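Here is a short briefing for a first look at this structure. Keep the sequence and the 3D view at hand while reading.

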Amino acid sequence: MEKGLTLPQDCRHLLHSLRMRSKYALFLAFVVVVFVFIEKENKIISRVSDKLKQIPQSLVDANSTDPALVLAENASLLSLSELDSAFTQLQSRLRNLSLQLGMEPAEEAEEEELAARELEQEQLEPGAPAKAPPRRHVLLMATTRTGSSFVGEFFNQQGNIFYLFEPLWHIERTVSFEQGGANAAGSALVYRDVLKQLFLCDLYILEHFIIPAPEDHLTQFVFRRGSSRSLCEDPVCTPLVKKVFEKYPCKNRRCGPLNMTLAAQACRHKEHMAIKAVRIRQLEFLQPLAEDPRLDLRVIQLVRDPRAVLASRMVAFADKYETWKKWLAKGQDQLREEEVLRLKGNCESIRLSAELGLRQPAWLRGRYMLVRYEDVALRPLQKAREMYRFAGIPLTPQVEDWIQKNTQAAHDGIYSTQKNSSEQFEKWRFSMPFKLAQVVQAACGPAMRLFGYRPVQDAASLSNRSVSLLEERGTFWVT
């Protein structure tokens with residue numbers, strides 16, 4: 001169907017029914033989101049694009065975000081699972097409607113293409129080249145200020161991996177949801193479906209979330225484009241024909257506006273793919289991706305001492321932590337309760353996902369790895385080899401050389417991936433007030449115990465480098 005047409009009567013009736021029935025009220029915030037992703041398969045986004053709530057780019061700054069999602073009391077894990085199931089059912093109903101309209105889902109077409117390629121490979125004559133190794137898809141799952149940019153470079157520096165740096169940043173800033181406990185659940189569903197399309201090299205999905213909107217699949221605004229080598233090398237880096245402004249240009253060369261078609265082609269030609277994301281919090285939502293045979297997904301969850309995370313965030317996102325700073329400066333006895341609850345919610349979200357991964361459910365067995373940033377900082381090359389071995393991808397000398405050169409560097413800026421890692425990872429201990437450490441230890445105690453971070457009992461122990469705050473974990477973290 002062509003753009004500009006109105007929604008079919010059945011579809012409008014479905015939306016009307018959802019509004020009229022209170023038991024479906026939670027789904028109203030997500031109906032539009034369903035259409036966004038079904039569109040890539042059924043070409044109906046233009047009929048509902050006006051439903052998306054746009055947040056102007058000028059109101060948000062990339063370096064001042066702290067994407068914490070705290071589940072409300074009415075958004076328990078059980079309710080999230082129920083919501084996910086209902087969301088899937090709604091997707092199915094919309095998919096059936098599109099089939100009635102004579103539109104074939106893109107997934108089925110992709111599966112047919114995959115089957116055809118496999119059949120072609122089976123029919124090769126004896127002596128033909130052996131089948132290429134399986135394509136692996138790696139998700140580096142983390143939160144802000146956990147060293148994920150540094151660890152992400154382990155995959156970014158390997159030439160046969162198509163690496164994307166925080167593509168979900170655009171979704172966070174262009175889709176909003178109704179206020180309420182289902183907000184975190186809705187975000188997770190959207191992020192998951194976008195991730196799936198990106199792993200399938202459907203980079204066009206991002207065009208619906210980029211502001212200003214791309215024209216003819218060309219865009220001058222992709223968040224941290226320069227942090228993804230794959231977007232800054234030939235043939236994706238096209239000649240710069242005129243002077244254009246890019247907030248996040250390629251670092252070492254001037255490129256024209258990003259051509260999504262060329263980027264998608266480059267993605268398909270790479271042997272493997274990796275994505276770094278700090279906006280995925282609930283591991284259970286990734287089950288459909290882990291069970292998708294096309295992806296052969298590997299999830300690496302990166303964690304860091306929550307005391308170090310808070311110390312880093314208070315520097316990087318200073319405006320968001322004014323309340324904490326005033327509390328420290330004025331010497332007040334208590335911090336605002338909502339600030340502590342937010343901190344506790346962040347730690348619990350990370351802990352619950354890690355516990356799920358370490359339980360090794362059938363759908364995640366062999367697909368999950370838990371890594372502490374501190375271990376990477378102390379033994380970067382060893383941990384890189386472990387991560388690559390887990391992912392089933394051979395580590396190249398190119399990556400090993402990068403690690404050797406970039407873990408002994410003197411430079412250590414807020415967003416730098418160059419640092420003397422063995423010295424810098426505990427730097428926070430010598431500037432954090434003890435009472436701030438106490439707040440974190442009280443709010444994040446269960447997570448700290450799970451990950452092997454030792455609490456301190458006094459200010460002297462906090463600043464004493466000879467007192468280790470790490471418990472040994474070894475290969476326990478690879479599941």
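Helices and strands here are DSSP runs, numbered from the N terminus; a helix has at least four residues and a strand at least two. With that numbering, Arg-224 falls in the loop between strand 3 and strand 4. The model is predicted. The chain has 19 helices and seven strands.

**Confidence**

- The chain's mean pLDDT is 77. Of its residues, 66% reach 70 or more.
- Residues 1-80 stay under 50 in pLDDT. The model gives this stretch 158 contacts beyond four places in sequence.
- Residues 97-125 also stay under 50. Here the model has 33 contacts beyond four places in sequence.
- Where pLDDT is low, the predicted coordinates should not be read in detail.

**The chain as a whole**

- The chain has 479 residues, and 54% of them are buried.
- Consider contacts between residues at least 6 apart in sequence: 77% of these join residues at least 24 apart.

- Five strands make up an open sheet, in the order 2-5-1-6-7. Their pairing is parallel.
- Strand 2 (161-165) and strand 7 (368-372) stand at the edges. Each has a single partner strand, so one side of each lacks a neighbour in the sheet.
- From one strand to the next, the twist averages 15 degrees.
- Strands of a sheet pair through backbone hydrogen bonds, either parallel or antiparallel.

**Strand 7 and its partner**

- Strand 6 (residues 297-303) runs parallel to strand 7, and five bridges join the two.
- Val-299 stands opposite Tyr-368 in strand 7. Leu-302 stands opposite Val-371, also in strand 7.
- Strand 7 is mostly covered, with five of its five residues buried.
- Both faces of strand 7 are covered. Tyr-368, Leu-370 and Arg-372 lie on one side, Met-369 and Val-371 on the other.

**Helix 14**

- Helix 14 covers residues 380-391, 12 residues in total. At 1.5 Å a residue it should span 16 Å; its end C-alpha atoms are 16 Å apart, which agrees.
- Nine of the 12 residues in helix 14 are buried, so the rest of the structure largely encloses this helix.
- Among the buried residues of helix 14 are Pro-380, Leu-381, Lys-383 and Ala-384. Further along, Glu-386, Met-387, Tyr-388, Phe-390 and Ala-391 are buried too.
- An α-helix has 3.6 residues a turn, so residues three or four places apart point the same way.
- Gly-392 follows helix 14. The phi of Gly-392 is positive, near 80 degrees.

**Cis peptide bonds**

- The peptide bond from Ile-211 to Pro-212 is cis, with omega near 0 degrees. Pro-212 sits in the loop between helix 7 (183-199) and strand 3 (218-219).
- Asp-234 and Pro-235 are joined by a cis peptide bond, with omega about 0 degrees. Pro-235 is in the loop between strand 3 and strand 4 (258-259).

- Arg-145 is not a glycine, yet its phi is positive, about 65 degrees. Arg-145 belongs to the loop between strand 1 (137-141) and helix 5 (148-156).
- Is Arg-145 buried or exposed? Arg-145 is buried, because its relative accessible area is 18% and buried means under 20%.
- Arg-224 is not a glycine either, and its phi is positive at about 50 degrees.

Terms used:
Residues are numbered from 1 along each chain as its sequence is written. This is a predicted model: local features need pLDDT of at least 70, side-chain atom pairs count only at pLDDT 80 or more; totals for chains, interfaces and linings use all residues. Side-chain values use heavy atoms; hydrogens and water are left out. Two strands pair if DSSP finds at least two bridges between them. Axes are lines fitted to C-alpha atoms, for helices over the stretch in contact, and angles run from 0 to 180 degrees between N-to-C directions. The expected span of a helix is 1.5 Å times one less than its number of residues. Buried means under 20% relative accessible area, exposed over 50%, partly exposed in between (1.4 Å probe, protein chains only). Contact means heavy atoms within 4.5 Å. pLDDT is the predictor's confidence in each residue, from 0 to 100.
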